[in-house]
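Hi there,

Here is the structure I promised to pass on. Have a look at it first, and my notes follow below.

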Amino acid sequence: MDIKDFYDYCLAKKGVTEHFPFDEDTLVFKVGGKMFALSSLSGWENNEPSVNLKCDPERALELRAEYEGVKPGYHMSKVHWNTVSVNKDVPARLLRELIDLSYDLIFKSLTKKLQAEIELLRE
């Protein structure tokens, strides 16, 4: 997966917006105003791309045990977030699944009203 694939995959999800709330290097994708994916642009430029993604705690531990490229979330809650090294031992298919999981976890945490508004965008 390259930066364009990552960018396009995240932005194609309904209700997603992109931001740079921390600095001009950290690309953040949000749904309903809440972060679900973060990545350093310089990491991609330096051929060391990684993505921070939300994950349920049990699955996060399983992934960390199974893949060297999955670590506790850098600068995030270590319980709920993973940092996934892109193009290491984590297959692109799994990375897409983890992006989907992160999006879904955040989407489900939104108010029912906001979920309904975003669902209208899906039609």
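Please keep in mind that this is a predicted model.

**The core**

The largest nonpolar core is made of 30 residues. Within it, Phe6, Phe29, Val31, Phe36, Ala37 and Leu53 have the most contacts. At least two core residues come from each of α1 (3-11), β2 (26-31), β3 (34-40), β4 (50-54), α3 (57-66) and α4 (92-109). Helix α4 gives the largest share, with 8 residues.

Setting aside residues up to four places away in sequence, Phe29 touches Phe6, Tyr7, Cys10, Leu11, Val16, Thr17, Glu18, Lys34, Met35, Phe36 and Ala37. If you want a sense of scale, Pro72 is 43 residues from Phe29 in sequence, and their C-alpha atoms are 19 Å apart.

**Two helices side by side**

Next, take a look at how α1 and α4 pack. Their axes are 11 Å apart and form an angle of about 35 degrees, and the crossing of α1 past α4 is right-handed. On the α1 side, the contact is made by Phe6, Tyr9 and Cys10, which meet Arg96, Ile99 and Asp100 of α4. Sorted by type, the residues in this contact are 4 nonpolar and 2 charged, with no polar ones.

Which residues of α3 are buried? They are Ala60, Leu63 and Arg64. Looking down the axis of α3, you will find these buried residues within an arc of 100 degrees, so they line one face of the helix. The general rule behind such a pattern is that an α-helix has 3.6 residues a turn, so residues three or four places apart point the same way. The buried residues of α3 pack against β5 (70-72), β6 (81-85) and α4. On the face turned away from that buried side you will see the exposed residues Glu58, Leu61, Ala65 and Glu66.

**Some loop residues**

Leu110 belongs to the loop between α4 and α5 (112-122). Is Leu110 buried or exposed? With 6% relative accessibility, Leu110 counts as buried. Along the chain Leu110 and Gly32 are 78 residues apart, yet their C-alpha atoms are separated by 6.9 Å. Leaving out residues up to four places away in sequence, Leu110 is in contact with Val31, Gly32, Lys34, Gln115 and Ile118.

Two other loop residues have a backbone feature to look at. Most residues other than glycine have a negative phi. His75, in the loop between β5 and β6, has a positive phi near 60 degrees. Its relative accessibility is 66%, so His75 counts as exposed. Asn87 is in the loop between β6 and α4, and its phi is also positive, at about 65 degrees, although Asn87 is not a glycine. Asn87 counts as partly exposed, because its relative accessibility is 48%.

That is my tour for now. Happy to go through any of it with you.

Best wishes

Definitions and conventions. Residues are numbered from 1 along each chain as its sequence is written. This is a predicted model: local features need pLDDT of at least 70, side-chain atom pairs count only at pLDDT 80 or more; totals for chains, interfaces and linings use all residues. Side-chain values use heavy atoms; hydrogens and water are left out. A nonpolar core is a set of buried Ala, Val, Leu, Ile, Met, Phe, Trp, Tyr and Cys residues joined through side-chain atoms within 4.5 Å. Buried means under 20% relative accessible area, exposed over 50%, partly exposed in between (1.4 Å probe, protein chains only). Helices (H or I, at least four residues) and strands (E, at least two) are DSSP runs, numbered from the N terminus. The arc is that of the directions from the helix axis to the C-beta atoms. Contact means heavy atoms within 4.5 Å. Axes are lines fitted to C-alpha atoms, for helices over the stretch in contact, and angles run from 0 to 180 degrees between N-to-C directions. A crossing is left-handed if the near helix is turned anticlockwise from the far one by less than a right angle, and right-handed if clockwise. Ala, Val, Leu, Ile, Met, Phe, Trp, Tyr, Cys and Pro count as nonpolar, Asp, Glu, Lys and Arg as charged, and the others, Gly among them, as polar.
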